[in-house]
Amino acid sequence: MSAHTLRDLRVVNSFAALPGAFYTRLAPQALNNPRLLHGNAEAAELIGLDPSVMSTPEFLSVFSGAQPLPGGDTLAAVYSGHQFGVWAGQLGDGRAHLLGEVEGPRGNWELQLKGSGMTPYSRMGDGRAVLRSSVREYLASEAMHGLGVPTTRALALVVSDDPVMRETVETAAIVTRMSPSFVRFGSFEHWSSRRQPDMLKTLADYVIDRFYPECREAGTGDPSNEMAPYINLLRAVTRRTALLMADWQAVGFCHGVMNTDNMSILGLTLDYGPYGFMDGFRLGHICNHSDSEGRYSWNRQPSVALWNLYRLGGSLHALVQDVEGLRAVLDEFEPVFTRAFHDRMGAKLGLAAWRPADEALLDDLLKLMDANQADFTLTWRRLADALSGQRSAFEDLFIDRPAAGAWLDRLVERHAQDGRPVQDVTAGMNRVNPLYVLRNHLAEEAIRAAKTGDVGEIDTLMKLLRNPYEAQPGHERHAALPPDWAGSLEVSCSS
C-alpha cells in the first residue's frame, strides 16, 4: 500500500547509525519562496509514496530544505578523494544533505538533497546548485535508467529565485537524488589516508553487510581468513564497475568528472555534472570543458575506472595485507570489461555471438565514425535500417560515403555467416540501439523553458527517455541530428 503522507513512509537510517565521525548532523539551508518545478512519479513509487503527495505543502517544505524528513536523520557525509588524478585530501558533501533512508517495496533508498546549503565540507563553495545543472542531473539519471544503465535516480526538482553567482548570476535549485547508498571510493580513501583501520573496517563491514552479504559467504577456502570478505568486496566492486564502464561506452556516455569521490561503491552512475552523450563521434571526445588534459575522455573511461579501483584497493590494504591477492582481483577488471563490451557492441551490431574476428569489424567502424564525426546514436540506430535495405539512411551520416558503404558490405557478409532472418536481427538491434538520448541541446531547451516556469519539455523528455528504444510519432526532432547551435554548447565543473 502506498504512503499517503510523508509520515507514512517507512524510514530507517542505517548510515546515520555509523559512528559520528562519518558525518556531520546539520539542517539544510532552505530556499526562499520555493516552487516544485517537477516531481517524478515513477521515483515516488520506488519509495512507496503515492505520487499525489508531491503536490502537498509538506512535500515542498521537506524537499526545499525547510523541514526534515519525518523519521529521518539529516546529515552531510565526509569522504576524501583524488580529483583529476591528484590527491585532494578531505572532501565531503559540500552542498548535499542526506535526509534519511526509506524502505521501498523493492529495496531501500536514501534521499539526498543536492544544492541545499553549506556544510563543514563546502571548502570554498557556497553550498548551492543552479537551475541549469539541476535540470541536467534530474533528466540524466532518468535517461540512464531508461537505457538500462545502473544509476542514482531523481525524485523532485525544487526551484527558487534566490541568486547564485557562477560565471553569471543564476537562480538556485535543489534536486532530490535517490540511491541505495551514496558511499564512494573516496569514503574508503578517507579512513585509509588518516591511518584509521578501525574506521575503515567499520565502513567496509557496513557496506558488505548491507549490500554485498555474499562477500562473507563466497568460497574463501580457509573460513578463518579474516581478510577474505574484503578481498571479495574489492572483487564485487571491480566487477560492477567494469560492467558499468561497458554500459557507458555502449551508449556513448561521457561522465566528465571520474574522480574517486564520484565513483559509487555500488557500481552506479553517480554525480551528474558536466556529462554528455556524444553527438558527432570522437574516440577522444571530451565532454567537460574544464578537462583541459582530456583525462576523462570517452576512450579513457575504462582505464580511469581501473585507476580508481587501484586507489580503492590501496585503501583496503590496511585490512588486507595480501598485496598480490588485491592485485589479482584488480587484474580481473580488464577481462570482465572486455567481455561485457564485446557482448554489448556485438548486440548493437546485431551479431548472434561475438567472435574474435569481430574485433576488426568493430574497430574499423569506430575509426570510420571518428574520421567522419558521424553521429554516435544515429549511426548505431540506422544500422538496422541499412540491413533492411535502406543503406542510404546509414551512409548519409558519413562524409566518406564509399567507405561507409564498404564497411556495411562487411557487416552484411558477417550476418550471412549467422544466417538468421533479417527481421529478427533488426528487431534485436532496435532493442539495444536507442533512438532517443539526452543530447546536450535537448537538455538546454528544457533548461531554457524551465527558466520561464514551463516544464513541458521536461515532461516530454521524461516520457521519451523512459522508453528510448521505441519510436514515438510526433517526436522526430528529438531523434534528429543536433542543430548547428548545439556545437557551441559547453559544460564544465561550474554548477
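Student: Which residues does alanine 172 touch, not counting residues up to four places away in sequence?

Tutor: Leu31, Ala129, Val130, Leu131, Val159, Ser160, Asp162 and Val164, where contact means heavy atoms within 4.5 Å. This is a predicted model, so local features need pLDDT of at least 70 and side-chain atom pairs count only at pLDDT 80 or more, while totals for chains, interfaces and linings use all residues. Residues are numbered from 1 along each chain as its sequence is written, and side-chain values use heavy atoms, with hydrogens and water left out.

Student: Why is alanine 172 called buried?

Tutor: Its relative accessible area is 0%, and buried means under 20% (exposed is over 50%, partly exposed in between; 1.4 Å probe, protein chains only). So alanine 172 counts as buried.

Student: And what makes the set with Met54, Leu111, Leu155 and Ala172 a core?

Tutor: A nonpolar core is a set of buried Ala, Val, Leu, Ile, Met, Phe, Trp, Tyr and Cys residues joined through side-chain atoms within 4.5 Å. That set is a second, separate core of 28 residues; the largest has 125.

Student: Why is α12 described as largely enclosed?

Tutor: Because 10 of its 12 residues are buried, among them Trp380, Arg381 and Leu383. The cover includes α7, α10, α11, α13, α14 and α15. These helices are DSSP runs (H or I, at least four residues; strands are E, at least two), numbered from the N terminus.
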